[in-house]
Amino acid sequence: MDILTKEYPPNIYGGAGVHVAELVRALRERGDIDTRVRAFGEPVAEEGTSGYADLPGLAEANAAVRTMGVDLSMAGDCVGADLVHSHTWYANFGGHVASLLGGMPHVVTAHSLEPMRPWKAEQLGGGYRLSSFMERTAYEAAGAVVAVSEGMRQDVLRSYPDIDPERVKVVHNGIDSQLWQRHPDVETVRRHGVDPDGRSVIFVGRITRQKGLPYLLRAAAELPPDVQLVLCAGAPDTPEILAEVEGLMDQLKSGRDGVVWIPEMLPRNEVVALLSAATVFACPSIYEPLGIVNLEAMACELPVVATATGGIPEVVVDGETGWLVPIDQKQDGSGIPLDPDRFVSDLAGALTDAVSDVSRAEQLGQAGRRRAVEEFSWASIGEQTSQVYLDVLDRSAVG
């Protein structure tokens, strides 16, 4: 079985990459499936894994065209596999072409959906139409679509109504609770400019429209003055969203101290140290299929304040492991709040509530750790994914 992905260690920058890496490990540990990985980028020193660089002849092409070139390079090498499994639109086209070429079934995992991210036209220009074409074509032809939450499943069926609902299965994202667990490291925390003895709100994520960072920056202005805001935020999608975040950051810093922005991608142990020193984790996303970052925070015993959208309510239990912030959103795919000021105010209120009772926050964080361990193990997710493969292969054999 071949897994096709843009992200794979050491080239990971988002939740989909984390998912693929952990799923591959879980499948290989089971030992009943020969799992090969085909990933974008240079080859890595891992048995059963191949890297595919951009085609030199497409160096000046639109990013989506370069992606198609890598996909075509991958597709031919998949011939002979019993099944191909692609992750994100970047690799969906490769999986679809491989399926046509080799006659094997194709499974896709829905980590996000292009129709739900119209702002990507800012990033890709005409390439957004290509990415949308690649995703739609692959999804509608796939033997199965794996949705990482029930919320994502509903989004898939709304976005692509021609897909048979019976072929859209829910298998949640997971967390390695051994790699992600509370581990205080005051030296690392102080080195990043954070006071480990003070209260703090922490955000970890890319600077992209869907993550809602501008709303958090506005809400932070209403936090108690001694509360720190720690932002592990980088990899901006566009110069425009970066400029907006920088402007809001400057405005926030002019009115309060304790704003720490870490733009580089940190190693996991340093993220764990910052999470372990924080009071609450903030996830102000306006689009989030599930949100691995919430699971990572919960595994580190942090309560979560998150938007009640997408798959987040399937992870964060309001009043038990954190706070869910209500949001009324436009139904045009953008997810923009109908009343941004109210959303910002509700977000600020939940964050203030969280940092105002540290003892209660700790209790909710401990409950979050238990939930992450019990409900979102990768062993269970590997088993569920394997069952999807078997069901697709059985249908393919009958067909």
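Of the 399 residues in this chain, 56% count as buried, where buried means under 20% relative accessible area, exposed means over 50%, and partly exposed lies in between, using a 1.4 Å probe and protein chains only. Please keep in mind that this is a predicted model, in which local features need pLDDT of at least 70, side-chain atom pairs count only at pLDDT 80 or more, and totals for chains, interfaces and linings use all residues. Residues are numbered from 1 along each chain as its sequence is written, and side-chain values use heavy atoms, with hydrogens and water left out.

Let's look at the whole chain. Its secondary structure comes to 14 helices and 13 strands; helices (H or I, at least four residues) and strands (E, at least two) are DSSP runs, numbered from the N terminus. The radius of gyration is 21 Å, close to the 21 Å that the globule rule gives for 399 residues, so the chain is as compact as a globular protein of that length. That radius is taken over C-alpha atoms, and the globule rule is 2.2 Å times the number of residues to the power 0.38. Along its principal axes, the C-alpha trace spans about 60 × 40 × 40 Å. Of the contacts with a separation of 6 or more, 67% are between residues 24 or more positions apart, contact meaning heavy atoms within 4.5 Å.

Now find helix H2 (residues 63-77). It packs with helix H3 (residues 88-102) at an angle of about 35°, with the axes 8 Å apart. Here axes are lines fitted to C-alpha atoms, for helices over the stretch in contact, and angles run from 0 to 180 degrees between N-to-C directions. On the H2 side the contact residues include Ala64, Met68 and Leu72, and on the H3 side they include Trp89, Phe93 and Val97. By class, this contact has eleven nonpolar, three polar and one charged residues; Ala, Val, Leu, Ile, Met, Phe, Trp, Tyr, Cys and Pro count as nonpolar, Asp, Glu, Lys and Arg as charged, and the others, Gly among them, as polar.

H2 has another partner, helix H5 (residues 127-141): their axes come within 8 Å and cross at roughly 35°. Ala64, Val65, Met68 and Asp71 of H2 meet Gly127, Leu130 and Met134 of H5.

Glu114 is in the loop between strand E5 (106-110) and helix H4 (120-124), and is buried, with a relative accessible area of 0%. Leaving aside neighbours within four places in sequence, Glu114 is in contact with Trp89, Lys120, Tyr128, Ser131, Ser132 and Glu135. Asp162, in the loop between helix H6 (150-159) and strand E7 (168-170), is exposed, with a relative accessible area of 67%.

Further along comes helix H11, where eight of its eight residues are buried. These residues pack against helix H1 (15-30), strand E8 (200-206), helix H10 (268-277), strand E11 (280-283), strand E12 (304-307) and H13. Just after H11, Glu301 takes a positive phi of about 70°.

That leads us to H13 (residues 358-375). At 1.5 Å a residue, its 18 residues should span 26 Å, and its end C-alpha atoms are 25 Å apart, which agrees; the expected span is 1.5 Å times one less than the number of residues. Among the buried residues of H13 are Ala361, Leu364 and Arg369. The buried residues of H13 pack against H11 (292-299), strand E13 (322-325) and helix H12 (340-356).
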